[in-house]
Amino acid sequence: MTDQLKIALAQANPTLGNIARNIQLAKEFREEAESLGADLVVYPELFLSGYPPEDLVLKPAFQRAAQAAIDELAELTLDGGPAMLISAPLVEDGKLYNAVCLLEEGKISARRFKNKLPNYGVFDEVRVFEPGPLPGPIPFKGVRLGVMICEDMWFSEVAECLEETGAEILIVPNGSPYDHNKSDERLNYAVERVSETELPLIYVNQIGGQDELVFDGASFVLNKDRSLPVQMASWKEGLVVTDWHRNENDEWSCATTEIIDPGASLERMYQAMVLGLKDYVEKNRFPGVVLGLSGGIDSALSAAVAVDALGPDRVHCVMMPSKYTSSESLDDAAECARLLGTRLDTISIAPAVDAFDVMLKDVFDGQEPDITEENIQSRARGMALMALSNKLGSMVLTTGNKSEMSVGYATLYGDMCGGYSVLKDVYKTICFDLSEWRNTHYSPLFKGPDGAVMPHNVISKPPTAELRDNQKDEDSLPPYEILDGILSGLVEEEKSFVELVADGYDASTISRIQNLLYIAEYKRRQSPPGVKISTRNFGRDRRYPITNGFRDNR
């Protein structure tokens, strides 16, 4: 019976569906772990397939590839190096499971299946996987390892079963996506499991972006006394070898290795946007991004995120003035591009708008100008950006925020036109906070410049779409502090009309915003994906019908 164990935590960034790359990544982490004397390497949830695989996992060819990957890595362990606790979708007796396997001595020595399948929010594992039975411990070098897969940790039943059947160390491989409340929740549930079982716990989370989800890592270890000897960094790959010792009471504990502060809330939000965009662009093999830089805060913040994610040489900014564009906006856009170090082209949309005026003149005869002419300007800009994307290969980055997307203050095939959005789940008021934060903070993970990245005037001036003379956002919408408060209540908290009135909001304003939220659903269905930041984003989290006659206004 061993009294010492070295367990490596592989906080890695797999690519969904690229099993060959994930095999290579697993090997690289194992080689590093071996050089540091590790006995076992623990990988995140569904590491070999990537997570979440959605309906791809139902494809028989994909299932066979996952099994072949496990077999290949199992054979690797004949070399006498570290064993591997690694996860993949596996078929057994005709049923598909979210599985974790212990690979050692050239074979799969044990496998366990996820018991608690999440079926809420962004998760729908019940749709594709079978729940496994309650697991028992896995023996390894005389130590009984209690393996819980992600959601299994959020309930007491699995941990209690493992404790009752003799587990000595709990290990939790995870694919836990970021939202702004998640880090505290994870730690709280881990503390509950440790308190209930009186066993130490290892939590290994993946890193990286997958479509709208972004995984922040932040892997950690809790000892039996709920102390935190290991807290890995957020937002970057890494490997930490933890040292475990059995004491005279036959209990295991981990020596302190490293404690890294996960950062404050605004930093985590900004880092999530950076990593989400970076991986979306790179895993889909785009050469870079192109975006409209208007001189306003949303496009400036989007450009800053893009530069920090990809570097200034992969970000192409375009100012597309109309007759309503102010000299202030032109100057602010130019200064923003200068601070970021990006290319800035100016392409006037006036010829396109004039052409539409001529083209539609007879049909519009006798009609007063209205939002139609405003939308034509937005769509001319969208067409110009898509032309640049087609010709030069860069993906169009849209710049709309959650406040606008909530109430339909966005133009289909205009400013909604593009491949990805970093502000899709960020309310306007938070955009101001994030811009102030980035102007005064920097991270070694960023590829952009240190120091201010946008002029103060971009942050301080009243927001405007500049689609008509003297236009301001608050001509059509309540002040953003009020709008965002109502929207947060309606979207994230599902508050009733009565509850929002009790919170102090004007009843007629609540009714109007609720109606705008519902009738804009058809637009959101056609919007590009964007980084999930909140507890309830539009898309995977919040799935409302387009045709919807319900109004809670009394």
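1. Is Met269 buried or exposed? Met269 is buried, with a relative accessible area of 10%. Buried means under 20% relative accessible area, exposed over 50%, and partly exposed in between (1.4 Å probe, protein chains only). Met269 sits in helix 5 (residues 265–283). Helices (H or I, at least four residues) and strands (E, at least two) are DSSP runs, numbered from the N terminus.

2. A note on the source. This is a predicted model, in which local features need pLDDT of at least 70, side-chain atom pairs count only at pLDDT 80 or more, and totals for chains, interfaces and linings use all residues. Residues are numbered from 1 along each chain as its sequence is written, and side-chain values use heavy atoms, with hydrogens and water left out.

3. Met269 and Asp179 are 90 residues apart in sequence. In space they are 8.2 Å apart, C-alpha to C-alpha.

4. Now the strands. Strand 10 (residues 207–210) pairs with strand 11 (residues 213–216) in the antiparallel sense, over four bridges. Two strands pair if DSSP finds at least two bridges between them. Gly209 stands opposite Val214 in strand 11. The two strands form a hairpin with two residues between them. In the turn, Asp211 has a positive phi of about 55 degrees.

5. Check the sides of strand 10. Ile207 and Gly209 point one way. Gly208 and Gln210 point the other way. All four are buried.

6. Last, helix 1 (residues 19–35). Glu34 is found there. Glu34 is partly exposed, with a relative accessible area of 39%.
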